[in-house]
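Here is a short briefing on one protein chain. Look at the sequence and the 3D view before you read on.

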Amino acid sequence: MNNTLIVIIGPTAIGKTSLSISLAKHFDCAIVSADSRQFYKEMSIGTAAPSLEELSQAPHHFIQHKSINDIYTVGDFEKDTLEKLDSLFTNNKYAILVGGSGLYVNAVTKGLDNFPEIDPEIRKRLQEAYKNFGMEHLQNQLKNLDLEYYNKVDLQNTHRVMRALEVSLSSGKPYSSFLTTPKKKRPFNIIKIGLTADREMIYNRINLRVDQMVEEGLIDEVKSLYEFKSLNALNTVGYKELFNYLDGSWDLDFAISEIKKNTRRFAKRQLTWFRKDPEIEWFDYQKDVQAIVHYINKKSP
């Protein structure tokens, strides 16, 4: 296995995009995004997708390649990414995977558990239940069907709660019973780089980024998506808060403060997820890129 996948992870707003571009230039390789929010072409500002200038500096894949109307699962992403890596590794021994979506990173590096096929009718019914009765209804349903998973899942993550319900209802078995499959071996080496900072710095960077998003036109972007607000892709930080503002439920200052608060909470959950992985080598977000290059060269075959 002479090919190496460099994985760059860390909380939101920590500088993953900048580091990935620097490393892509050094190793003359491509970048694959594992940020599940940046897949959607209609959601640019609120997901902090790379700018046109950033995209021009290195080849990027899986940035804004889907529509919010598309159903695109983590299983689809695993399949697409492994196929893309096969292609990329024919020309270069390195490729970079970057993103803060831990489940999507794990899908590529470790493989997914083997879940049953989902009945489309069940998926449709759950989406309607969410639209009509809200998140608490789905949470209670999960509690009844799979208490073990209910006690450890992020109950505010609509996608994960709905996914667990889809599997439980389609199979007749608790979702948690499918989480014991041995992980898959990949035909390439994996080097994981984590970026971090002290909590105050992370939170300051998040607050600054939200302010920048607003200046760049986030409110107009959300207005353009208002009619689609019930779609799962849009039930995410930065959008759902501004939908409340557009509904007249919140004033703008409060909505923006809630985006900052919920993004900080999201970053905390990201770090909790990634800290469980002993394979990650952590670097301060201001660490000199050459020090990270040296580490990668040392770990590469």
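The points below move from the whole chain to single residues.

This is a predicted model. The protein chain has 13 helices and 6 strands. Its radius of gyration is 19 Å, close to the 19 Å that the globule rule gives for 301 residues, so the chain is as compact as a globular protein of that length.

**Overall build**

- Along the principal axes, the C-alpha atoms fill a box of roughly 55 × 45 × 30 Å.
- Of the 301 residues, 48% count as buried.
- The chain exposes about 15,200 Å². Carbon and sulfur atoms supply 47% of that area.
- Take the contacts with a separation of 6 or more: residues 24 or more positions apart account for 76% of them.

**The sheet**

- Strands of a sheet pair through backbone hydrogen bonds, either parallel or antiparallel.
- Here 6 strands form an open sheet, and the pairing is parallel. The order is β3-β2-β4-β1-β5-β6.
- Which strands stand at the edges? They are β3 (60–61) and β6. Each has a single partner strand, so one side of each is left without a neighbour in the sheet.

**Strand β1 and its partners**

- Strand β1 covers residues 4–9 and strand β4 covers residues 94–98. The two pair in the parallel sense over 5 bridges.
- Two positions show how β1 and β4 line up. L5 has A95 in β4 as its bridge partner, and V7 stands opposite L97 in β4.
- β1 also pairs with strand β5 (residues 189–196), again in the parallel sense, over 6 bridges. On this side, the bridge partner of I8 is I193.
- Is β1 enclosed or open? 6 of its 6 residues are buried, so β1 is largely enclosed by the rest of the structure.
- In a regular strand the side chains alternate between the two faces of the sheet.
- Both faces of β1 are covered. T4, I6 and I8 are buried on one side, and L5, V7 and I9 are buried on the other.

**Aromatic rings**

- The structure holds 11 aromatic pairs.
- One of them joins F283 and Y295. The pair is edge-to-face, with 5.7 Å centre to centre and 70° between the planes.
- This pair links distant parts of the chain. F283 sits in strand β6 (residues 280–284), while Y295 sits in helix α13 (residues 289–299), 12 residues apart.
- Both F283 and Y295 are buried.
- Which residues form one aromatic cluster? They are F39, F62, Y72, F77 and Y104.

**Charges over rings**

- R264 lies over the face of Y203, at 5.9 Å from the ring centre.
- R275 lies over the face of W282, at 4.3 Å from the ring centre.

**Positive phi in loops**

- Most residues other than glycine have a negative phi.
- D28 has a positive phi, near 50°, and is not a glycine. D28 lies in the loop between α1 (16–27) and β2 (31–33).
- Is D28 buried or exposed? With a relative accessible area of 64%, D28 is exposed, because the cut-off for exposed is over 50%.
- A48 is not a glycine either, yet its phi is positive, about 55°. A48 is found in the loop between β2 and α2 (52–55).

Note on methods
Residues are numbered from 1 along each chain as its sequence is written. This is a predicted model: local features need pLDDT of at least 70, side-chain atom pairs count only at pLDDT 80 or more; totals for chains, interfaces and linings use all residues. Side-chain values use heavy atoms; hydrogens and water are left out. Rings of Phe, Tyr and Trp (its six-membered ring) pair if their centres lie within 6.5 Å; planes under 30 degrees apart count as stacked, over 60 as edge-to-face and the rest as tilted. Helices (H or I, at least four residues) and strands (E, at least two) are DSSP runs, numbered from the N terminus. Buried means under 20% relative accessible area, exposed over 50%, partly exposed in between (1.4 Å probe, protein chains only). A charge sits over a ring if NZ of Lys or CZ of Arg is within 6 Å of the ring centre and within 35 degrees of the ring normal. The radius of gyration is taken over C-alpha atoms; the globule rule is 2.2 Å times the number of residues to the power 0.38. Contact means heavy atoms within 4.5 Å. Accessible areas come from the Shrake-Rupley method with a 1.4 Å probe; for residues, only the protein chains shown count as cover. Two strands pair if DSSP finds at least two bridges between them.
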